[in-house]
Amino acid sequence: MLDKLPSAPAALLARFAAIVGEKYAITDPQAQTPYVVEMRDLYRGHTPMVLRPGTVAEVSQILKLANETSTPIVPQGGNTGLVGGQIAFNNEIVLSLTRLDRVREVDPGSNTLTCEAGVTLQRAREAAAAVDRLYPQLLPSEGSCTIGGNLSTNAGGTAALAYGVARSHVLGVEVVLADGRILDNLNKLKKDNTGYDLKNLFVGAEGTLGVITAAVLRLVPRPRAVETAFLGLPSAQAALALFAIANDRAAGGVTSFELMTRLGIEMVLRHAAGCRDPLQKLYPWYVLLELSSQSKTGLRELLEEILTEGLNRGLVLDAAIADSLEQAKAFWRLREMFGEVQRHEGGSIKHDVSVPVAAVPDFIAEANAAVAALLPEARPVPFGHLGDGNIHYNVSQPVGADRAEFLARWNEVNAAVFAVVKKFGGSISAEHGVGVMKRDLLPSVKDPVALDLMRKIKHLLDPNNILNPGKVL
């Protein structure tokens, strides 16, 4: 990280406060807590001021003043990021976009939704549902994460298999540049070849190139039928084979294919209120399979065909099919609580990685062996989106171990796991971004020409390095 910067002078802070009004310029340390402490308490920051603009014009004025005075700014959405990209570590001013929360337009004819950066993912999905459409991004944090944050980190989620990551959903963006200029690229067009596709400079840039203030999002028809099953399997290899069957039979209708270990299920059952095991016996691995269709009939039969073939081939050992929306939600709660409950088991060293789908079982096996060589009693808890190759390879501390001593091995465990990722041609950051957590690792995994281009783009768009300095690069 950067060395801690001196606080901006009081007179300058007063100028920033005047832009948004005293009510929305937060200086009280206690009131700042939701903006400077990451939700897992892994990262804690400090800032002289949190600014909460209510209009794009105010964002423009803030960045113009910041650029003129070389005042660093950390843009922030719902503060749900997992790699520290949204935290002010060095006395930067925090620019919270949660008051930019208008849904500007829903256009079912064009299948688009235009909303501001502070709209939560849940509200965007509800606005789409109100016109019988689906906004297909789906994250466990949907009630608090924001569209601006999702786009800035190019978030993934449990439906990325069928619908793609955040970048796949955006048609146009409105961005305030470092010098305060507003880039108005809010078009609804699926085809527009009038020069460079500038929006994708800012999607996934984690607020280092500009501040996304609004976006045009792509909607899709709402499925007329959804079927959900919770399956017990003998191995990760069996899960991969079952995924191939589901893909072949469902012809694009596999919405989610989530892989889980028994150890993770046990952690959820121990610590998540209201959760219960859907199957009577215990199995080494589990899959949460969801199919969707635009046809109102026939989907249950298709799911049963997939499961029957899986059972006949020994890939599926047991299965429970949801007979109601409530039961489907109960299945999903088991999966969604995986990340949350691990903190109750002590320290957890986390990895958000991706490898080619066909390599997932071998990656898990080799990563497990690498971790066991370092920490024989540690407990790997791999889980996640097998269908798109994104595995959250988390390692929980040995039972009874000292948490601090275990977490002190973070970099060592990272190195072992990332070596296996590299062997399989994967990525050390699949859907959470780079932030500060993985910034210093980029030179070891990124093409040097690509890194050089990234640095040059950063200097071109933010020559005074005011936007999220020290993040990503």
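Strand 5 and strand 6 (residues 112-116) are paired in the antiparallel sense over 4 bridges; two strands count as paired if DSSP finds at least two bridges between them. This is a predicted model, in which local features need pLDDT of at least 70 and side-chain atom pairs count only at pLDDT 80 or more, while totals for chains, interfaces and linings use all residues. Residues are numbered from 1 along each chain as its sequence is written, and side-chain values use heavy atoms, with hydrogens and water left out. Helices (H or I, at least four residues) and strands (E, at least two) are DSSP runs numbered from the N terminus.

- Within the hairpin of strand 5 and strand 6, 4 residues lie between the strands, and Asn-111 takes a positive phi near 55 degrees.
- Glu-105 has Thr-114 in strand 6 as its bridge partner.
- Strand 8 (residues 170-176) and strand 10 (residues 211-218) run antiparallel and are joined by 6 bridges.
- Val-175 stands opposite Ile-212 in strand 10.

**Helix packing**

- Axes are lines fitted to C-alpha atoms, for helices over the stretch in contact, and angles run from 0 to 180 degrees between N-to-C directions.
- The axes of helix 1 (residues 10-20) and helix 3 come within 9 Å and cross at roughly 165 degrees. Helix 1 is therefore roughly antiparallel to helix 3 (the term applies to angles over 145 degrees).
- Leu-12, Arg-15, Phe-16, Ile-19 and Val-20 of helix 1 meet residues of helix 3, including Ile-62, Leu-65 and Ala-66; contact means heavy atoms within 4.5 Å.
- This contact of helix 1 with helix 3 has 7 nonpolar, 2 polar and 2 charged residues. Ala, Val, Leu, Ile, Met, Phe, Trp, Tyr, Cys and Pro count as nonpolar, Asp, Glu, Lys and Arg as charged, and the others, Gly among them, as polar.

**Aromatic pairs**

- The structure holds 7 aromatic pairs, defined as rings of Phe, Tyr and Trp (its six-membered ring) with centres within 6.5 Å.
- The ring centres of Phe-230 and Phe-331 are 5.7 Å apart and the planes stand at 45 degrees, so this pair is tilted; planes under 30 degrees apart count as stacked, over 60 as edge-to-face and the rest as tilted.
- Phe-230 lies in strand 12 (residues 225-233) and Phe-331 in helix 12 (residues 325-336), so the pair ties together parts that are 101 residues apart in sequence.

Key
Angles under 35 degrees count as roughly parallel, over 145 as roughly antiparallel, 65 to 115 as roughly perpendicular and the rest as oblique.
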